[in-house]
Amino acid sequence: MSDHDHARSPRPLTRRRALAALAAGPLLLAPPLRAATRQPVVVLTAYPEEVTSRFEAAFEKAQPDYRLQLVWRMPHDALPYLQAPGQSGVDVYWSASPRTFAALKKDGALRALALDRSGLPARIGGTQLADPDGTYTATEMAGYGFVFDARRLAALGLSAPQDWADLAAPGWHGQMTLPIPARVGFAPVMVDIVLQAFGWERGWALWSAIAGNAALVGNGSTFITDEVGSGRRALGLTIDFFAAAAIASGATLRFAYPRHGGLNPAHIAITASAPHPDGALAFARFVLSDAGQTLLATPAIRKLPVRPAVYAQLPPDQFNPFEAARAGGYDYDGSRSPNRLSLVAALFEQTLVAEHAQRAELWRRLHAAEAAGRPVAEARRWLEQVPLSEAEAADPALLARFRRMEGAAPGALSEVELAWRERASAWRQQAEQALA
């Protein structure tokens with residue numbers, strides 16, 4: 001993603017208490033004896049202050065013997081921070097970064113969570129919520145889908161999409177935007193959701209048509225909501241919490257979850273070197289309690305809780321992923337293909353992003369020819385092809401090669417990527433000839 005690291009040092013006082021102390025005068029700056037004996041709990045997180053400040057206040061009210069110290073790190077900086085000596089004094093890691101938690105577990109850097117898991121399912125659909133070995137567990141989920149301007153759709157005569165395949169229709173041409181997977185962190189999973197739901201070949205055919213209808217965004221995920229909120233596009237492909245943040249800031253937008261969805265869970269864990277393990281466990285229990293889960297679902301935060309019973313307390317229009325999963329909507333299994341996400345992003349880049357303007361124009365012409373009653377089957381066949389079979393994409397050596405490239409600075413294209421690009425270019429030429 002495009003987020004940058006705005007690291008914060010641990011802060012033993014909340015802003016509220018610090019300002020109150022200063023206002024009271026120098027004689028009152030020393031905290032009372034009880035406050036001085038409160039046990040710190042150091043939490044490393046990537047959540048923004050509008051989330052952490054509310055949890056800080058609620059936790060310290062529920063557990064007055066503890067005080068939170070919050071350290072902010074984005075996921076790509078969190079792993080080295082937690083691999084430093086003494087794990088940098090961190091008690092709790094709480095963030096949306098499954099790979100970081102998996103890496104910490106592999107390093108033996110997490111301790112077992114002694115939690116009562118009553119009412120907390122281990123899975124939702126195809127998504128695993130709890131580490132089978134009990135070292136970390138999900139606290140909330142984010143869902144992929146469509147942010148849109150309902151008034152703009154009505155003016156265009158378009159209905160809100162029910163699923164990904166709806167976006168391949170001619171009416172969406174030029175009216176939507178999608179993030180480029182190789183340049184926006186959450187987007188590779190979004191691509192893979194479609195590949196799992198519809199199959200490799202049909203999935204790539206859909207992405208070709210969707211990308212042909214869309215404007216591409218590579219500068220950061222929040223720009224998707226900017227594009228739709230500004231009226232430049234009617235719809236964007238994103239994650240629910242980006243849409244929720246825009247709506248909370250006053251944007252008149254809506255968000256729809258597709259029939260075939262995917263979930264990105266955030267997790268919590270206690271470090272192996274936690275200097276305050278009792279407080280760490282108390283915080284983890286609070287986040288997963290009815291109170292903590294309800295707080296996550298408030299309009300100010302807008303997360304999807306992992307405790308199903310909490311949804312009964314929420315407004316009736318609140319999306320319930322557990323109900324959607326029971327209907328078969330969340331069969332996507334991220335653990336099936338984490339190693340192929342880098343390959344999928346690279347393949348998308350060379351086949352659908354390279355020469356995108358030409359591909360988009362070919363899809364526009366195909367739709368026009370189809371509306372005029374002309375045969376378009378040959379042109380469609382050339383545009384929908386993908387230069388790699390699913391069996392080839394599962395080759396361990398190829399997967400390892402692209403996994404190593406993840407996070408590296410852009411460089412010269414590999415021979416494999418050049419071959420993909422050249423083949424896709426040749427197929428576009430064949431499609432152009434078929435439409436001539």
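Is the crossing of helix 15 and helix 16 left-handed or right-handed? The close-ups below, all taken from a predicted model, start with that pair.

**View 1. Helix 15 crosses helix 16.** Here you're looking at helix 15, residues 356-371, and helix 16, residues 377-384. Their axes come within 10 Å and cross at roughly 155 degrees. Angles over 145 degrees count as roughly antiparallel, so helix 15 is roughly antiparallel to helix 16. As for the opening question, the crossing is left-handed.

**View 2. The side of helix 15 meets the side of helix 16 through a handful of residues.** Helix 15 brings Arg 359, Leu 362, Trp 363, Leu 366 and Glu 370 to the contact. Helix 16 answers with Ala 379, Arg 380, Leu 383 and Glu 384. Sort the residues of this contact by class and you get five nonpolar and four charged, with no polar ones at all.

**View 3. The largest cavity holds about 40 Å³ of space.** Searching the whole structure turns up two cavities of 30 Å³ or more, and this view shows the largest of them. Which elements give two or more residues to its lining? They are helix 8 (200-213), helix 14 (341-353) and helix 16.

**View 4. Nine names to find around the largest cavity: Trp 204, Ser 208, Thr 351, Leu 352, Arg 359, Leu 383, Glu 384, Gln 385 and Val 386.** By class, this lining has four nonpolar, three polar and two charged residues.

Technical notes
Residues are numbered from 1 along each chain as its sequence is written. This is a predicted model: local features need pLDDT of at least 70, side-chain atom pairs count only at pLDDT 80 or more; totals for chains, interfaces and linings use all residues. Side-chain values use heavy atoms; hydrogens and water are left out. Axes are lines fitted to C-alpha atoms, for helices over the stretch in contact, and angles run from 0 to 180 degrees between N-to-C directions. Helices (H or I, at least four residues) and strands (E, at least two) are DSSP runs, numbered from the N terminus. Angles under 35 degrees count as roughly parallel, over 145 as roughly antiparallel, 65 to 115 as roughly perpendicular and the rest as oblique. A crossing is left-handed if the near helix is turned anticlockwise from the far one by less than a right angle, and right-handed if clockwise. Contact means heavy atoms within 4.5 Å. Ala, Val, Leu, Ile, Met, Phe, Trp, Tyr, Cys and Pro count as nonpolar, Asp, Glu, Lys and Arg as charged, and the others, Gly among them, as polar. On a 1 Å grid over the protein atoms alone, a cavity is a set of points where a 1.4 Å probe fits but cannot get out, and a pocket is an open set with protein on both sides within 12 Å along at least five of seven lines; lining residues have an atom within 4 Å of a point. Grid points are joined across faces, edges and corners, and a volume is the space filled by probe spheres set on the points.
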